[in-house]
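Thanks for asking me to look this one over. Could you keep the structure open beside you while you read my notes?

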Amino acid sequence: MIESQYLAENHKLIESLKRIPSLEKFRNHELRLLLQKSKIRKYRPGERIIKEGNTGSWIYILVYGKVDIVKDGRIIATTDRRGELIGEISAVDGAVRSASVVTTEETVCLATDTRQVQRLSGDDRLAFGYILYRVFAETLAERLRITTEELIRRQRRFQWPDWL
């Protein structure tokens with residue numbers, strides 16, 4: 001993995017972030033704050049971003065690349081969707097990582113340590129917390145919607161007998 005230092009304000013980078021679906025709704029000053037508290041991490045194919053069972057407060061926004069989500073040694077999902085949030089569940093509830101995330105091609109992520117929220121005060125704390133939790137909420141809502149649709153599809157395939 002190659003990692004940047006914490007990012008300085010950069011107009012070009014902010015414009016690039018605005019093209020990521022999960023970040024497009026935020027204003028420039030909010031994205032500047034996110035950048036100030038984030039790093040860019042570049043991974044080679046086959047590198048692990050997150051290890052199942054470990055703890056961690058870092059979340060990752062997929063800038064480009066492709067990753068496998070691995071649970072108990074089995075690939076349960078693959079994503080290359082720009083703006084995909086990775087590692088958010090553990091960051092929200094403080095539990096151990098529920099799955100590993102492994103790159104399948106060169107991958108770049110915007111990495112943010114969610115503990116940064118506690119280190120801020122006043123408006124900065126509110127703004128940074130708002131950004132993180134808005135992205136969390138949108139991501140979790142979308143995943144819940146997909147899971148619900150899959151559950152309904154599976155229930156339709158499995159018809160319960162009338163006598164139950």
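Predicted model: local features only at pLDDT ≥ 70, side-chain atom pairs only at ≥ 80, totals over all residues.

1. Residues are numbered from 1 along each chain as its sequence is written, and side-chain values use heavy atoms, with hydrogens and water left out.

2. The chain has five helices and nine strands; helices (H or I, at least four residues) and strands (E, at least two) are DSSP runs, numbered from the N terminus. In sequence order the pattern is β-α-α-β-β-β-β-β-β-α-β-β-α-α. The C-alpha trace spans about 65 × 35 × 30 Å along its principal axes.

3. Of the 164 residues, 40% count as buried, meaning under 20% relative accessible area with a 1.4 Å probe and protein chains only. Among contacts (heavy atoms within 4.5 Å) with a separation of 6 or more, 74% are between residues 24 or more positions apart.

4. Next, have a look at the open sheet of four strands, ordered β3-β8-β5-β6 with antiparallel pairing; strands pair if DSSP finds at least two bridges between them. Its edge strands, each pairing on one side only, are β3 (48-50) and β6 (74-79). From one strand to the next the twist averages 30°, with axes fitted to C-alpha atoms and angles running from 0 to 180 degrees between N-to-C directions. Five bridges join β5 (residues 67-71) to β6, and Val-70 faces Ile-75 of β6.

5. The largest pocket holds about 670 Å³ of space, a volume being the space filled by probe spheres set on grid points joined across faces, edges and corners. A pocket here is an open set of points on a 1 Å grid over the protein atoms alone, where a 1.4 Å probe fits, with protein on both sides within 12 Å along at least five of seven lines; lining residues have an atom within 4 Å of a point. Of its 24 lining residues, Ile-69, Ala-77, Glu-84, Glu-88 and Arg-143 lie nearest the centre. The largest share, five residues, comes from α5.

6. Where does Glu-47 sit? Its place is the loop between β2 (38-43) and β3. Glu-47 counts as buried because its relative accessibility is 15%. Leaving aside neighbours within four places in sequence, Glu-47 contacts Met-1, Lys-42, Val-101, Val-102 and Thr-103. The C-alpha atoms of Glu-47 and Met-1 are 7.5 Å apart, across 46 residues of chain.

Technical notes:
Buried < 20%, exposed > 50% of the residue type's maximum accessible area, 1.4 Å probe, protein only.
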